Amino acid sequence: MSPDAMRALGVVSTATITTQLLARGLRNTYLEGLVASNPSRQRLLGEAFTMRSIPSREDVDVPAIFQDYDHPQRRGVESVEHGQVLVIDARGKKRAASLGHILATRLRVRGAAGIVTDGAFRDMVGFEHLDLPTFSAGASPTTNLAQHHVVDFQVPIACAEVAVYPGDIMVGDRDGVVCIPRNLVESVARDALVQENLEEFILVKVEGGSALRGTYPPNEELLEAYKNAQ
């Protein structure tokens with residue numbers, strides 16, 4: 001991302017971003033059902049680092065594999081770069097956690113920008129105080145081995161029924177998480193900032209008593225007033 005796009009996406013809302021993506025024909029960009037673990041760290045922005053899991057199997061996913069430093073989940077965590085968001089495809093399954101607090105803390109120390117999963121987190125109390133934006137579909141005390149087997153990372157995945165490719169840009173706020181295709185990031189960021197600046201002007205007019213007709217959407221007269229106010 002360019003510095004300008006980074007600054008814009010750091011302030012515009014996910015609501016505005018989805019509007020811009022819809023204008024470009026993309027309707028399925030919102031990762032439904034995910035909420036921030038820490039209310040004070042709801043702003044998420046970074047490049048997607050993807051991780052894919054399949055259902056676990058009893059003869060493979062045994063407690064002994066936790067002793068393997070080269071287990072795909074551990075290697076994936078140690079591969080996430082500064083500013084990247086770990087996006088986990090947990091197939092929407094929440095009976096067992098897809099990640100725990102220790103691995104999340106390691107990601108924070110590595111400089112990750114956040115974590116997103118359509119599954120559950122374990123040790124949720126730790127996530128609620130972790131200085132890192134993290135979004136999940138809920139909490140589970142059960143270790144990932146009971147339901148998830150990480151098989152790959154940095155491949156295209158589905159997360160909350162949204163296609164996420166490595167390098168896509170993830171943005172999160174109080175409304176949730178959206179995925180911006182990498183090739184659209186610059187134009188979406190630019191137009192989203194323009195949209196929000198205009199909508200702030202419109203909001204002032206509505207707060208002042210203006211009727212919707214001529215104001216929202218703005219007519220030519222209001223657009224001219226907005227232009228002169230800049």
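The model is predicted: local features need pLDDT of at least 70, side-chain atom pairs count only at pLDDT 80 or more, and totals for chains, interfaces and linings use all residues. Residues are numbered from 1 along each chain as its sequence is written, and side-chain values use heavy atoms, with hydrogens and water left out.

The protein has seven helices and 14 strands. These are DSSP runs, numbered from the N terminus (helices: H or I, at least four residues; strands: E, at least two). The C-alpha trace spans about 70 × 30 × 30 Å along its principal axes. Of the 230 residues, 47% count as buried. Buried means under 20% relative accessible area, exposed over 50%, and partly exposed in between (1.4 Å probe, protein chains only). Among contacts (heavy atoms within 4.5 Å) with a separation of 6 or more, 75% join residues 24 or more positions apart.

Strand 4 pairs with two strands in the parallel sense. Its pairing with strand 3 runs over six bridges, and its pairing with strand 6 (residues 114–117) over four bridges. Two strands pair if DSSP finds at least two bridges between them. Glu 47 has Gln 84 of strand 4 as its bridge partner. Ile 88 stands opposite Thr 117 in strand 6. Six of the six residues of strand 4 are buried, so this strand is largely enclosed by the rest of the structure. Both of its faces are covered. Gln 84, Leu 86 and Ile 88 lie on one side, and Val 85, Val 87 and Asp 89 on the other.

The largest nonpolar core has 19 residues. Such a core is a set of buried Ala, Val, Leu, Ile, Met, Phe, Trp, Tyr and Cys residues joined through side-chain atoms within 4.5 Å. Leu 86, Leu 99, Leu 107 and Ile 115 touch the most other members. Strand 3 (44–55), strand 4 (84–89), helix 4 (101–110), helix 5 (124–129) and strand 10 (148–153) each supply at least two residues of this core. Helix 4 gives the most, with three. A second, separate core of 18 residues includes Val 155, Cys 159, Val 162 and Val 164. Leaving aside neighbours within four places in sequence, Leu 99 is in contact with residues including Val 77, Ile 88, Leu 107, Ile 115 and Phe 127.

The largest pocket is lined by 14 residues. Phe 66, Gly 100, Leu 103, Arg 122 and Thr 143 lie nearest its centre. Helix 3, strand 5 (97–99) and helix 4 are the elements that give two or more residues to the lining. On a 1 Å grid over the protein atoms alone, where a 1.4 Å probe fits, a pocket is an open set of points with protein on both sides within 12 Å along at least five of seven lines; lining residues have an atom within 4 Å of a point.

Some backbone geometry stands out. Most residues other than glycine have a negative phi, and most peptide bonds are trans. Ala 160 has a positive phi of about 55 degrees, and Glu 161 one near 70 degrees. Ala 160 is buried, with a relative accessible area of 15%, whereas Glu 161 is exposed at 69%. The peptide bond from Tyr 216 to Pro 217 is cis, with omega near 10 degrees. Pro 217 lies in the loop between helix 6 (185–207) and helix 7 (220–229).
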